[in-house]
Amino acid sequence: MSSHPRRLIVGITGASGAIYGVRLLRLLQNTGVETHLVMSRSAKITLTQEMDIGLAEVSALANVVHQVDNIGASISSGSFKTMGMVIAPCSMRSLAEITSGATSSLVTRAADVVLKERRRLVLLVREAPLHLGHLRSMTAATEMGAIVYPPVPAFYARPAGLEQMVDHTLGRVLDLFDIENAAVSRWGGLNSIKNDN
């Protein structure tokens, strides 16, 4: 991955969990990684329901913002080199589009490009409970080279609140791209992580 420019595509779709995409952009701000944001139409609706933040403020967290219907954007081409892409959260519809190759927006087109170029694609899939179609889509994504990373909290880190739970998950996602971060409480054996609360 070191041969690619330090650019990361961040996709946000309409599944519950907009906080993951927004917080990821915040964590990336001081890393030297150029962020390229693309949000689905449903993501914009979900964001306004789940968070007290406007679309302009979210856009300001990214270096470059792409409109979801701009199929000619730089991130729609494999010649535009990136480290890969994180979709946080990733809806089951987006997952199904990615695994079928029948993409209908820049979010899923960019993911398709990342896969075809053999770059890293991390999908924070959000749904519960899961039916067989969901499981098959996750299996297909894994077989295609993506990493399926449901945002499941790690309680061994003894999080004091929601933000710590979100940060720990996203810190592990950044680890997958070798991006240094302080968001993870590292495991050092039994009783190695203490919470001051």
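View 1. Leu135 belongs to helix H6, which spans residues 132-143. The structure shown in this and the following views is a predicted model. With a relative accessibility of 38%, Leu135 is classed as partly exposed. Together with Leu130 and Leu132, Leu135 makes up a nonpolar patch on the surface. The accessible area of these three leucines together is about 250 Å².

**View 2. Helix H1 and its buried residues.** Helix H1 covers residues 18-28 and is mostly covered, eight of its eleven residues being buried. The buried residues of H1 include the leucines Leu24, Leu25 and Leu28. Ala18, Tyr20, Gly21 and Val22 are likewise buried in this helix. Arg23 also belongs to the buried group of H1, and its pairing is the subject of the next view.

**View 3. The salt bridge between Arg23 and Asp167.** Ten salt bridges are found in a search of the whole structure. In one of them, Asp167 pairs with Arg23, and the closest N and O atoms are 2.6 Å apart. Because Asp167 lies in helix H7 (residues 162-175) and Arg23 in helix H1, the pair ties together parts that are 144 residues apart in sequence. Both Asp167 and Arg23 are buried, each having under 20% relative accessible area.

View 4. Arg172 and Asp175 meet through their side chains in a salt bridge with an N to O distance of 3.8 Å. The two residues are three apart in helix H7, and therefore about one helical turn separates Arg172 from Asp175. In general, an α-helix has 3.6 residues a turn, so residues three or four places apart point the same way. Arg172 has a relative accessible area of 37% and is partly exposed. Asp175 is also partly exposed, at 25% relative accessibility. The side chain of Asp175 additionally meets that of Arg186 in a salt bridge, at 2.6 Å from N to O. Since Asp175 lies in helix H7 and Arg186 in the segment after H7, this pair ties together parts that are eleven residues apart in sequence. Arg186 counts as partly exposed, with 46% relative accessibility. Elsewhere, salt bridges that share partners join Arg23, Glu163 and Asp167 into one network.

**View 5. The largest pocket and its lining.** The largest pocket holds about 250 Å³ of space. Its lining consists of 15 residues, and those nearest the pocket centre are Ser40, Arg41, Arg93, Ser104 and Ser105. Helix H2 (41-50), helix H4 (92-100) and helix H5 each contribute at least two lining residues. Helix H4 provides the largest share of this lining, namely three residues. By class, nine residues of the pocket lining are polar, four are charged and two are nonpolar.

**View 6. The largest cavity and its lining.** One cavity of 30 Å³ or more is found in a search of the whole structure. The volume of the largest cavity is about 30 Å³. Ile9, Ile75, Ser77, Phe80, Thr82, Ala110, Val113, Val114 and Arg119 line this cavity. Helix H5 (residues 106-116) supplies the largest share of the cavity lining, with three residues. The cavity lining divides by class into six nonpolar residues, two polar residues and one charged residue.

Definitions and conventions
Residues numbered from 1 in each chain as written. Predicted model: local features only at pLDDT ≥ 70, side-chain atom pairs only at ≥ 80, totals over all residues. Heavy atoms only, no water. 1 Å grid on protein atoms, 1.4 Å probe; cavity = no way out; pocket = protein on both sides within 12 Å on 5 of 7 lines; lining within 4 Å. Points joined across faces, edges and corners; volume = space filled by probe spheres on them. Helix = DSSP H or I, 4+ residues; strand = E, 2+ residues; numbered from the N terminus. Nonpolar A, V, L, I, M, F, W, Y, C, P; charged D, E, K, R; others polar. Buried < 20%, exposed > 50% of the residue type's maximum accessible area, 1.4 Å probe, protein only. Patch = residues over 30% accessible without salt bridge, like charges linked within 9 Å, V, L, I, M, F, W, Y side chains within 5 Å. Areas by Shrake-Rupley, 256 points an atom, 1.4 Å probe, with all protein chains shown as cover. Salt bridge = Lys/Arg side-chain N within 4 Å of Asp/Glu carboxyl O.
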